[in-house]
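Thanks for coming. Please have the sequence and the model open while I talk, and I will go through a few places in turn.

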Amino acid sequence: MQTLNQALFIFFAVLAVASAILMVTRRNIVHGAVFLITTLLSTAGIFLLLQAEFLFIVQVILYVGGIMVLFVFVIMLVNLDVSMRQVQFNRQWFVAGALALVLAGQFLFAIWVGRGALRLPAMASEISPKNTEAVADALFSHYMLPFEIASILLLVAMIGAVVMAKRRAG
Amino acid sequence: MGHLIPPSIMPFVLPVLYAVVIVAVLPLLAGYIVLMERKVMADMQARLGPMRVGPHGLLQPIADAVKLLLKEDIIPDKADRLMFWFAPLVSVTMALLAYSALAIGPAFQIADLNIGLLFILAISSLGIYGIVLGGWASNSHYSLLGALRSAAQLVSYETAAGLGLISVLLLAGSLSMKDIVQAQLDQGVWFGFSVPFGFFIYLVGSIAETNRAPFDLPEAESELVAGYMTEYSGFRWSLYFLAEYANMIIVAGIATTLFLGGWLRPGARYHEHIPGTGIEWLDALPALLTLGVALYSLKLAPTQPVKIQKIVMVLVAVLCLGVACVLAGALFAPPAVMQGIHGAFWFMAKVFAYIYAFLWIRFTFPRYRFDQLMRLGWRFLIPLALVNVIGVGVAIVLRQQFAWGPIVSLIPTTLATLGVAMLLAKDDAPVAEAQTAAGE
Amino acid sequence: MIPVDDYLFLSLALFTIGVIGVLTRRNVIIMLMSIELILNAVNINLMVFSRMWGTVDGQVFAIFIITDAAAEAAVGLGIILAFFHNRETVLADEMDIMKW
């Protein structure tokens, strides 16, 4: 069971990182979107390894089945052919990339210094049957106010999107 | 058998067997649903339908499959080859994967997940990528328009259908397919009767999600040739086809489990025994039904025009007789085996009844226009579903506070939802008429 | 037993790729998708710490982050569509005037 988990982790991790790299480097946006979907699905697999089954479902339904469909929809509405022939990276790409790597180096250093200090507790033999209930309990009792704020955020975003679309029509 | 298989892989043997059975049977089943569709359509249009291949066209699906597999496999010149190859696979894989959580009987289930229902919804919502990417990769305007329509339609109607399902989840208090059926047994009523509006909303939503008429805009022949499938042919086309019919069975299976009592037989709480035996009256029903079909086929056999058709008709009769024998024999088997076999029978019977309703609707209603489709989804179904969910919540409080029965407590909810539905329909009618008059 | 570090390294890798994507690509849609990648990396961290402490708080925050991503995608894509209809481009460095 341990080796199976290990193998699954390596599989999902490699898949996620490889498709993330491909996503950032592809010229064709649709291919990029497909690679991002692959990354998101492998992340969902990692959530499952971490016994967060409800989040696995949220990731698949909301992220992959909702948000990414929106992305693909918009990609198909805008004209691909022109932007595919243009230069893909901006002029400051060298500076920007170097800065990103420096940032990554800092994080890497922090994790490296503290490595081995944090360990996952012994895994239960199977996924806890109460995960969905536990998340719902926390969401609707302790995190009630943030939950309501999040719903207002969604409402505002919805109105914003509608306003944006209206202006285009008028 | 136990000592032949190492104990470490023992728990995986049965699920793998089930998976193989489902993957093997599904294409055949899809083929026969197509035959059923053509026969029902013919019947409703006062025709005979396929009659040539086998008696009453019973071998038509096999002929169709052979034809499809032998066709030339065309990839358009300007198509994105990789995506063109990949998209039908996504569609069919997601359609088949969703079966892993479907409970066909109390024992016949690949995996009883705690989040079973959500898993099926999540996986089947990924099937949209097959359609969208296939439409895009074809590099054709018809395909792209079909794909875009499909994405918009699916996202809109998934919301409504999901809200329809939530009303049942509130009543069942679980996401596991098994527990939902068990809840219907405990409460003594199929949820389709206690929340009829949830069922109605899911029925409409599921038709739209599977791109069936009257919501088949993504592949509307008269407008878009064949929508996202325009550039596909041969084997790839048949993969899309298989995915569409597999999805139909999936939504029928969800509806059966959530609204029609899953594998429970009608009157599951009625335990009157045949005098002198341990057999219940109602358990004899499946065997008698299939026996009736067998006798009818035997009666028809001599009237068939050609000899080979007579032979095949007798074979059909023998097949039905065999099924009847299994169903009757199960009555004397241990209860677990009996439940498994009869559960599968009732489940399949309900699934086919639901699919029949699909076909009926398809041949009754004209196709919607795209703006009508969107208006129906967003301005009628979603508000209605929200009211229904709130009403079910109120009903549950009534049940807990005043100890009302499971049916009585939902009557006010249903009436309130009906009122809102009439209000919404009335409110919507002048807008629709004005828009039609303005030529929109 | 997989130590927490492995998950952190994975999350770091995804985060860095996302940051590089946002900072170097010209295409606005790819930049938005890179932001999704960053949020996703954060979610992995939240999930692994939630698992480590044996509570579900991290998972609840991940739900909020996914909500936020949905809102961001809706508004962001709305802006991109409006921009595309006005300027016929989706490149970030051509968005150089405040008004048109």
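Is Q51(A) buried or exposed? At 16% relative accessibility, Q51(A) counts as buried. Buried means under 20% relative accessible area, exposed means over 50%, and partly exposed is in between, with a 1.4 Å probe and protein chains only.

Some housekeeping before the rest. This is a predicted model, in which local features need pLDDT of at least 70 and side-chain atom pairs count only at pLDDT 80 or more, while totals for chains, interfaces and linings use all residues. Residues are numbered from 1 along each chain as its sequence is written, chains are lettered from A and ligands numbered from 1 in the order in which they are written, and side-chain values use heavy atoms, with hydrogens and water left out.

Back to Q51(A). Its place is the loop between α2 (29-49) and α3 (53-77) of chain A. Helices (H or I, at least four residues) and strands (E, at least two) are DSSP runs, numbered from the N terminus. Q51(A) is not a glycine, yet its phi is positive, about 60 degrees. Most residues other than glycine have a negative phi. Another such residue is A46(B), which is not a glycine and has a positive phi of about 55 degrees. A46(B) sits in the loop between α1 (10-44) and α2 (60-70) of chain B.

Now chain A as a whole. It has seven helices and zero strands. Of its 170 residues, 41% count as buried. Chain A exposes about 9300 Å², and carbon and sulfur atoms supply 73% of that area. Accessible areas come from the Shrake-Rupley method with a 1.4 Å probe, and for residues only the protein chains shown count as cover. Take the contacts in chain A with a separation of 6 or more: residues 24 or more positions apart account for 64% of them. Contact means heavy atoms within 4.5 Å.

In α6 (residues 131-140) of chain A, the buried residues are N131(A), T132(A), V135(A), A138(A) and L139(A). They are on the same side of α6(A), because they cover an arc of only 135 degrees around the axis. That arc is taken from the directions from the helix axis to the C-beta atoms.

Next, how the chains meet. Two pairs of chains touch, and the most contacts are between chains A and C. Chains B and C do not touch, and their nearest C-alpha atoms are 13 Å apart. Setting aside neighbours within four places in sequence, F15(C) is in contact with L103(A), F107(A), I38(C) and A41(C). F15(C) is partly exposed, at a relative accessible area of 22%. The C-alpha atoms of F15(C) and L37(C) are separated by 6.8 Å, although the two are 22 residues apart along the chain.

On to the aromatic rings. How many aromatic pairs does a search of the whole structure find? Over all chains, the search finds 20. Rings of Phe, Tyr and Trp (its six-membered ring) pair if their centres lie within 6.5 Å; planes under 30 degrees apart count as stacked, over 60 as edge-to-face and the rest as tilted. W190(B) and F193(B) make a stacked pair, 6.1 Å centre to centre with 25 degrees between the planes. The rings of Y232(B) and Y240(B) have their centres 5.0 Å apart and their planes at 90 degrees, so that pair is edge-to-face. W190(B) is buried at 19%, whereas F193(B) is exposed at 61%. Y232(B) is buried at 5%, and Y240(B) is buried at 2%. There is also an aromatic cluster made of F199(B), Y202(B), F259(B), Y354(B) and F358(B).

Last, the surface of chain B. α11 (285-300) and α12 (307-330) of chain B each supply at least two residues of a nonpolar patch. α11(B) gives the largest share, four residues. L298(B) lies in α11 of chain B and is partly exposed, with a relative accessible area of 43%.
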